[in-house]
Amino acid sequence: SDHMENIYGYLMKYTNLVTGWQYRFFVLNNDAGLLEYFVNEQSRHLKPRGTLQLAGAVISPSDEDSHTFTVNAASGEQYKLRATDAKERQHWVSRLQICTQHHTEAIGKNNPPLKSRSFSLASQGSANSPGVQRRPSQNAVSFFSVGHHRLPTGKRVPIMQPDHLVDVREMMSQAEGQQRDLIRSIECLPVSGHLTSLDQDLLMLKATSMATMNCLNDCFHILQLQHASQQKGSLPPGTTISWLEPKISLANHFKNGAAQNFPAEINKPASVREEQSIAEPCQLTREPEEINPDEELEDICDDKEDDLGAVEEQRSVILHLLSQLKLGMDLTRVVLPTFILEKRSLLEMYADFMSHPDLFIAITNGTTPEERMIRFVEYYLTSFHEGRKGAIAKKPYNPIIGETFHCSWRMPKSDVATDAGSNFSAHSPSEQVTLSKDLEGQTELDYYTVKFVAEQVSHHPPVSGFYAECVERKMCVNAHVWTKSKFLGMSIGVTMVGEGLLSLLEHGEEYTFSLPCAYARSILTVPWVELGGKVNINCVKTGYSASINFHTKPFYGGKLHRVTGEVKQNTTNTVVCRVQGEWNSVLEFTYSNGETKYVDLTKLSVTRKRVRPLEKQGPFESRRLWQHVTESLRDGDIDKATEHKRALEERQRNEERLRAETETPWCTKYFLKEGDGWVYHKPLWKTASAAQTQQTDTN
């Protein structure tokens, strides 16, 4: 190919040995399928400082900026690189992808059928032998030996028949047994001495082998799909084959021989579980506090999570934790190490999804039901980018039961989008909704206020409720979210179970919506966030609905962070708007009249939230509750942060135990249980309706 020329030049490389970036001279050897690097161009004639095999590698442009990209080799090694500008990055990424595809396809053409391969677990010497003490990457043959017979030259690999798939299944069963034996062998090593069961290299092998078995099952499923397509015809153009969630239960295959080394909270008796303390419908015993927005000040905190920091230094702790987890394990009760936390509570993260209040308020300004639905979809898709604090995936604090977070936004009226010729007050008498009495007589301000409150209403299961309203525009949103996290090998998946309800009182419309799943990928290298799953937005009154798909990175082909969706009129089944793009970059909206609009999320203005100073916050408000943990993390004192975090969790467990012993249900402060959901105690649709009824009675 004309594009298969060797290229070379300087790139910046992130290294674990010296925290930060360093210039290195890189050479792409297309003939050998290698990416090599040297200290500088003058040392190019010497042995490379590092080499990556590109066959089977994945080249991924980073979402953190337009200069960075990663090269993930099939061996598991990763280079994180940075070009001088976007054009140079695209040049390297394109050439690397072409080389990778060429050598990957070459291996596929020459690869023997799996039936001719034999797998055996080799017991190579004693625990004190030099071979066992070498790094797994240098001594893989001491754990697994793989032999195969090559086909005669010129013969094509036959199409895999069903009996071959049976053979593959048998081989995988053998591999699962071998992996189980490997785990037992590692765990039988002493906990102290020259080679221990906590050796960092063995922990790496233990963790990655578990993920490998999951990947093998995914690949086996892909083989079945390919066989089915060969029977019916080839796959249609543009088809992508995605990674799958585990299709078989692997829990029994990966049971560790030793006792699980989790905190006592995980194995505590059922009699003291929080399920017994979930708040039942009851009267609020703690008086809700009315927050005065005038006491809130513009937030000056800007804790971006772009630095790996202690995550790099604590790699062995992560490996030890991962080695004890099982695929599919619920992480709700697992206490994760402090250094992977970001400096905010989950309740505050929900507030940060509201960082574009101008788009939120503009929803109700749409002149038609179609326009209002489209505006809601536009707002919904722009909320996730700012909800993340930086490119590095870290975990927000798990809220303590009873924890609350309050904030507000002030948005100049001139900054809220309206339609040509429209007027905020130009509504028919039938559309007018009377505001509550406490707003009557106030001088009209030149800005709108959006108020937000969130509360952790349950601990097990972990459920949060949040509510936001703009009284001037007669609109509010109420939602409850149950976060369910699971271990998926080299990633963690979080399912957001729950529902939200947007109410536009001026139009008498209610919009229900759900939330996508979130995934923390590459948790052993540079962790990053990916969204996935299908969400729906629906308005029963108008008959308009939206279907949005957050696409995870497919196994073959496709892009990162892709999202697609459409808005339709259910009665006529007419699509009135289509959307595509990346949820953290650029979105393209195409309307039924043929017009197209692009939204660059990286350039979208962000309105800072307003929060009360710590000295005015209550003891259970998020920032005051977690202030010592946050300060310690900012100072880089992980031990001190862990100590403060443990004290909070221990207090919560003691209170939980006491409620269980006295059979006292937990009563919430701002949210009440209604059916399967949680609703704010004084939502705008109730206060506005009560005020309107009172005015009618007076007349």
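**Reading strands and loops**

Modeller: Let's start with a pair you can find yourself: L672 stands opposite V679 in β28. Keep in mind that this is a predicted model.

Biologist: Thanks! Which strands pair there, and in what sense?

Modeller: First the general idea: strands of a sheet pair through backbone hydrogen bonds, either parallel or antiparallel. Here, β27 (residues 671-674) and β28 (residues 677-680) are joined in the antiparallel sense by four bridges. Two residues lie between β27 and β28, which form a hairpin, and G675 in the turn has a positive phi of about 65°.

Biologist: What is the bridge partner of E36 in β4?

Modeller: That partner is T51. Four bridges link the antiparallel strands β3 (residues 34-38) and β4.

Biologist: Now the loops. Where does K474 lie, and what is its phi?

Modeller: Look in the loop between β15 (463-470) and β16 (475-487) for K474. Its phi is near 55°, a positive value in a residue other than glycine.

Biologist: Why does K474 count as buried?

Modeller: Because its relative accessibility is 11%, and buried means under 20%. H561 has a positive phi near 60°, and it counts as buried because its relative accessibility is 3%.

Note on methods:
Residues are numbered from 1 along each chain as its sequence is written. This is a predicted model: local features need pLDDT of at least 70, side-chain atom pairs count only at pLDDT 80 or more; totals for chains, interfaces and linings use all residues. Side-chain values use heavy atoms; hydrogens and water are left out. Two strands pair if DSSP finds at least two bridges between them. Buried means under 20% relative accessible area, exposed over 50%, partly exposed in between (1.4 Å probe, protein chains only).
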